[in-house]
Amino acid sequence: MDTKLRQSSLPLPRIPPLRGTVGLEIVYGGLSIKPEIVMADARRDVFTTETPTSGYTVANLKASYTIPRQHFSHHLAMAVFNIGDTLYRNHVSFIKDLAPEIGRGVRFSYTVKFF
């Protein structure tokens, strides 16, 4: 893929870096555990109005437990994101120079599903 403007040889604007996620899901009965690693490459070859962005690696963990019943089920879930509290910026964000992405956080949820 050509990432340069043809006449001026300048890099194209707002091209995201290479990014990938590696994860695993472990299921045992009603318990599900999903660790994942999100990685993004640095973006140094940028358009004139953009600033370079460093690469990053962020670890996340999701876990849930399901309690089935005859006509409904209970779902308890927890998600921990950015476990290492990594300071990182999204290259294609318009406010990346003003505000980084979210730091470490935890989310709990409880859901009842009827069927």
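Read along the sequence, the chain of this predicted model follows the pattern β-β-β-β-β-β, with zero helices and six strands. Helices (H or I, at least four residues) and strands (E, at least two) are DSSP runs numbered from the N terminus. Because the model is predicted, local features need pLDDT of at least 70 and side-chain atom pairs count only at pLDDT 80 or more, while totals for chains, interfaces and linings use all residues. Residues are numbered from 1 along each chain as its sequence is written, and side-chain values use heavy atoms, leaving out hydrogens and water.

**Overall dimensions**
- The chain has a radius of gyration of 20 Å, whereas a compact globule of 115 residues would have one near 13 Å; the radius is taken over C-alpha atoms, and the globule rule is 2.2 Å times the number of residues to the power 0.38.
- Along the principal axes, the C-alpha atoms fill a box of roughly 65 × 30 × 20 Å.

**Burial and contacts**
- Of the 115 residues, 20% count as buried (buried is under 20% relative accessible area, exposed over 50%, partly exposed in between; 1.4 Å probe, protein chains only).
- Among contacts (heavy atoms within 4.5 Å) between residues at least 6 apart in sequence, 47% join residues at least 24 apart.

**Nonpolar surface patch**
- Leu24, Ile26, Tyr28, Leu31, Ile33, Tyr65, Leu76 and Tyr110 form a nonpolar surface patch with about 810 Å² of accessible area together.
- Strand E2 (26–28) and strand E3 (31–40) each supply at least two residues of the patch.
- Leu31 lies in strand E3 and is partly exposed, with a relative accessible area of 33%.
- Patch residues have over 30% relative accessible area and no salt bridge; like charges are joined within 9 Å, and nonpolar side chains (Val, Leu, Ile, Met, Phe, Trp, Tyr) within 5 Å.
- A salt bridge is a side-chain nitrogen of Lys or Arg within 4 Å of a carboxyl oxygen of Asp or Glu.
- Accessible areas come from the Shrake-Rupley method with a 1.4 Å probe; for residues, only the protein chains shown count as cover.
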